Amino acid sequence: MLEDLKENNRRWAAGKLSVDPGFFERLVAQQSPEYLWIGCSDSRVPANEIVNLDPGELFVHRNVANLAPPQDANYLSVLQFAVDVLKVKHIMVVGHYGCGGVAAAVDGKRRGLVDHWLHPIREVYAEHRDELETLHDHERIDRLIELNVMRQVRNVASDVFVQDAWARGQSLSVHGWVYSIANGLVTDQNCTISGPGDLDKARDEGQ
């Protein structure tokens, strides 16, 4: 099985060179992406392919249920590097319909350590319980996926690294998208935050 993957790699590299002989030389020189993608670890959601960008054009962080928790050193290290070193201009928090992590957060089953990781989603559910409990099962999870994305956008925008970037005049926007595995399309949740004023508005609206 691993030999198949290695052969796939050789074919992929050869294909890239046949189309663009300087492709890998440019990658070695420096990465200069304008975008940070914070997405789910789900294998059906390949970040670069979804937005049709080559390696080097998209900085990527993935975890279960696309969370941006302020206590997670891994996420924070990626965020700081993207904002302070790479100087990305756009951060996209990207959830996806059919997310098993979001469903697992609220199905009442116990799975161990991951239950602690998914706790922020249960908090989102509790805050929007009145809306969510008017919906049927499938619709409820889809809406929770959207609300989770909006909350993680607010988490990113609230972080000191982003706040400091805005304070020094750096152009930086945080966006929330949801990807549909069923049709391959992303839907903008219209919760973009591009500065402190937008963040205050999002807090007032309870996103």
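Partly exposed means a relative accessible area between the buried limit, under 20%, and the exposed limit, over 50%. Arg143 is partly exposed because its relative accessible area is 22%. The model is predicted. A search of the whole structure finds 14 salt bridges. The domain assignment gives domain 1 (1-30) and domain 2 (33-205). Their C-alpha centres lie 30 Å apart.

**Helix 9 and its charges**

- Asp142 sits in helix 9 (residues 137-158).
- Asp142 is buried but has no salt bridge. Its nearest side chain of opposite charge, Arg143, is 10 Å away.
- Beyond its neighbours within four places in sequence, Asp142 is in contact with Tyr97 and Gly98.
- Arg143 and Glu131 form a salt bridge, 2.6 Å from N to O. Arg143 lies in helix 9 and Glu131 in helix 8 (residues 129-132), so the pair ties together parts 12 residues apart in sequence.
- Glu131 counts as partly exposed, at 33% relative accessibility.
- Asp137 forms a salt bridge with Arg140, with the closest N and O atoms 3.0 Å apart. Both residues lie in helix 9, 3 residues apart, about one turn of the helix.
- Asp137 counts as exposed, at 58% relative accessibility.

- Asp84 forms a salt bridge with Arg168; the closest N and O atoms are 2.9 Å apart. Asp84 is in helix 4 (residues 73-86), and Arg168 is in the loop between helix 10 (160-167) and strand 4 (173-179). The two are 84 residues apart.
- Asp84 is partly exposed, with a relative accessible area of 26%. Arg168 is partly exposed too, at 45%.

Technical notes: Residues are numbered from 1 along each chain as its sequence is written. This is a predicted model: local features need pLDDT of at least 70, side-chain atom pairs count only at pLDDT 80 or more; totals for chains, interfaces and linings use all residues. Side-chain values use heavy atoms; hydrogens and water are left out. Helices (H or I, at least four residues) and strands (E, at least two) are DSSP runs, numbered from the N terminus. Buried means under 20% relative accessible area, exposed over 50%, partly exposed in between (1.4 Å probe, protein chains only). Lys and Arg count as positive and Asp and Glu as negative; His and the chain ends are not counted. A salt bridge is a side-chain nitrogen of Lys or Arg within 4 Å of a carboxyl oxygen of Asp or Glu. Contact means heavy atoms within 4.5 Å. Domain bounds come from an automatic or database domain assignment.
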